[in-house]
Amino acid sequence: MKNLKVTLLLILSLAACALAQSGASETLAVDSIAFSKFYVSIEGGEKYPFGNLVDAVDNAYYVGLGARYAYWEDFDGIILFQYSYFEPHGKVPHIYGVHEVSGKLGLDYRWKLISPLVVGAGFLCNWNRADYDEKNRPHFESQGGTLTDNETEFGWFARLNLPVFTLDNYRAGLNVLWEQVWTLPERSNMLSVGLYVERRLW
Amino acid sequence: MRSFLNRILCSFSVLCLLFAATVSYAAVDAEMEGMEVDSRDDGTFLVGSPTYYYDRRLGAGGLHSESELWSPEKLRQRLLFNRMSPLPSWNPLPPSVWLKTGNELGDLIYQDFLISEDKPKNRTPILEGGFRSPSFKGFWVTGRGFQDDHFSTRSFSYRKEFVDDEFALFGENYPMFSSMYAGFGYGAGQVNASVLAGEEYIWIFSESSRWIPVHYKPRVETRVDVGNLETTVAYEAADYQNKKKKETGERKEWNGSLRYRCGDACRRGILQLSAGLAFRKVDDSGVVYTRLEDDRVILPFMELKIEPARALAAHAMFAVNDRDWLVQDSIELRPAAPSGAGVVLGVKNISGTRLNPIADTEEFFDGDTISLTADGQMNLVQGYAAFTDTLGNLEIGGRGSFWAEHGAETFDVDKYVTDEDFVYRHGDVDRINSWIKGVTGELWFSAWYQEMFAFKALGGFERIDGNESRFEVTPVEFFTSFSADWLLRRSFRISHSLRYRSDAKWNLRSHDPLTIKGDWFWDATFEQRFPLYGLYLTGTLLHVIGDEVVETPNGAENRLRFVCTVRKTF
């Protein structure tokens, strides 16, 4: 029943968003805006595990590539690819660390009320594979054993994007991103903070 | 009862809240073509695998599922044992290139560092990629690889003992099907033709309740449509095996159909006539776990529609051969109604010796021969009345029916046997030679605003009287559902549905009936659209709040999952 209530709240939120968007101007043809501007970026920062994940892995640096494109007048589409290498928190036999490649797809909302701050959200897909001792490959059932094979999992994210310097075709700023991966037995939460430099292509 | 009332009240409060902001534009996307039943909300839909589910719309009448009943509309679906299945679909898709992936949610990832025993089972993905070229002087080429690893983990380690390799085109999850094809086609004017060839692995569910691994290599399908004439011919070289018993077998099969559809001129007449035939020819060697009597079946059929007046129409479909016959007919009266309203009064009948006359006739299981046909015939009669009324952007409607069935197909169980966690049965297909009666009622309400939103609330109940202990499945007694679809700024789609269905029960696949408890479900699709570029980015969440339970005997848990698709149309 708890899940149902959460779902009902989510549905109401969706309804509220829909109502808000229904009032927005549709006079400007969507097709004339989509991809009318396109930006690419590089990014680097650190990822901080939250919740029970603090006991699983340590903080890790990440590097990434990004793309941003005009979607609506006040919305941009965002695509992010990030790489990190997480080391286990504490010793895990025969596993040195875990490679993570994260792909993210979502929307940024340029809300005038909080400008220049931009808020965004979307879905993510992470690929993970352990960096382990080849001569002593951990068994699937052992601690961390599932990561010795390719693992993918999905989740969602929300982010704040604060542009700090803006030139004609360049922009630099700060990204703060909260992500939740739909893992078991508990969901996995992380916060990442990073700096980016972005260039407008057209 | 109080709980039920609470749920209904809760649901209608949500309905009122959503009413101002929602409606139906398109449904939640299925995880794969042919899995639409998993998000259906208007009856009993129990999914054990992409290759096996029980699908029965409340109010359909009778006890059979929709996929068990053969009809000319399913000529280009796949025959999986005795069910007509839209999956795996070899329908060439429109010109586009696409990529799909997803997962049953709940892999461990870093949580694995916190667990050293009693790990949750690893979750499995879904994969699809394909293309179809634009037409060049009428010619096009296509290719598609697709497999659904969902629903595979519960029986994964058990099934792998039956086969001598991974039994999939990709990965080691022993998916319930894995398919790949490529081919070319031609379309111009009155002609549409295609030739596809590929390889396929399928686990087919049988009357004994076991999963039979079948490897098609190759499978070739040709389709030629000229004007109103449609032909399909497929060749399948299928390998069967049971590594545990060191058994192997081979079936070479030709199957297909020919159909003449009533054309435009025909459809304007009082008498509309279509006709055709379906056929199968098999050549078995070694150990093949089913048999088709005489190694062949040809099923001619004819469809009639008589419309002596605009308010009166009669439909009939006859299919008959030397072994079986099947008739499906109806008469509908649409009396004059005020503008914006509609009333339908109808009577429907299904009679026949077999629900699917082209299916195999025997299954061989552990020294037993299970007859897949039953003596006698089934007769289903249903009377129904439906109405709709429209006021501006609102519509209300309802449908009530009563039905009676005699000779419903069922299974006469001799004994059950257990192997690890799986239960099998011996016996024969049989009939319930007594009357089963049902009464149904459905009400719906919908609202919409231009193309931006559509909303539908639907509820239904059904009361069935009969010898329930002989029903293969006792369908749900009631359901309620709310679906809403938004198209924001003509380029962002949100489709979702919230629904509840009551208990359903499998009575004949295990010693004790398997009850599938009633539950709430929520599915949602989010899609960015770029119509000018023909680009669509889609994410779908399925089975979000429902408990992850096994919905069919020997099936697997229906889990929370996420699927994303990128599609570029040409």
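In what order do the strands of the open sheet that contains β14, β19 and β20 of chain B follow one another? The three strands are arranged as β14-β19-β20 (chain B), with antiparallel pairing. Here helices (H or I, at least four residues) and strands (E, at least two) are DSSP runs numbered from the N terminus, and two strands pair if DSSP finds at least two bridges between them. The edges of this sheet are formed by β14 (290–291) and β20 (368–371) of chain B; each has a single partner strand, so one side of each is left without a neighbour in the sheet. β14(B) is joined to strand β19 (residues 362–365) of chain B by two bridges, and the two run antiparallel. Within this pair, Thr290(B) has Glu363(B) in β19(B) as its bridge partner.

The structure is a predicted model, in which local features need pLDDT of at least 70 and side-chain atom pairs count only at pLDDT 80 or more, whereas totals for chains, interfaces and linings use all residues. Residues are numbered from 1 along each chain as its sequence is written, while chains are lettered from A and ligands numbered from 1 in the order in which they are written.

The model scores ipTM 0.90 and pTM 0.91. For chain B the mean pLDDT (the predictor's confidence in each residue, from 0 to 100) is 93, and 95% of the residues reach 70 or more. Where pLDDT is low, the predicted coordinates should not be read in detail.

Chain B contains three helices and 32 strands. Its radius of gyration, 24 Å, is close to the 25 Å that the globule rule gives for 570 residues, so chain B is as compact as a globular protein of that length. The radius is taken over C-alpha atoms, and the rule is 2.2 Å times the number of residues to the power 0.38. Along the principal axes, the C-alpha atoms of chain B fill a box of roughly 70 × 65 × 60 Å. Of the contacts in chain B between residues at least 6 apart in sequence, 61% join residues at least 24 apart.

Buried residues account for 45% of the 570 residues in chain B. A residue is buried if 20 or more other C-beta atoms, placed from the backbone, lie within 10 Å of its own, exposed if 12 or fewer do, and partly exposed in between.

Strand β1 (residues 43–49) of chain B has seven of its seven residues buried, so it is largely enclosed by the rest of the structure. Six bridges join β1(B) to strand β2 (residues 52–57) of chain B in an antiparallel arrangement, and a hairpin connects the two strands through two residues. Phe45(B) has Asp55(B) in β2(B) as its bridge partner. Leaving aside neighbours within four places in sequence, Tyr53(B) is in contact with residues including Phe45(B), Leu46(B) and Thr552(B).

Further hairpins involve strand β22 (residues 394–419) of chain B. Strand β21 (residues 378–391) of chain B runs antiparallel to β22(B) and is joined to it by 13 bridges; Thr388(B) has Gly397(B) as its bridge partner. Two residues lie between these strands, and Gly392(B) takes a positive phi near 60° in this hairpin. β22(B) also pairs in the antiparallel sense with strand β23 (residues 422–449) of chain B, over 24 bridges. Thr418(B) stands opposite Val423(B) in β23(B), and Glu420(B), in the two-residue turn of this hairpin, has a positive phi of about 55°.

Another open sheet has its three strands in the order β25-β28-β29 (chain B), with antiparallel pairing. Its edge strands are β25 (473–474) and β29 (514–516) of chain B, each pairing on one side only. Three bridges link strand β28 (residues 504–506) of chain B to β29(B), and Ala504(B) has Ile516(B) as its bridge partner.

How values were computed:
Two residues are in contact if their C-beta atoms, placed from the backbone, lie within 7 Å.
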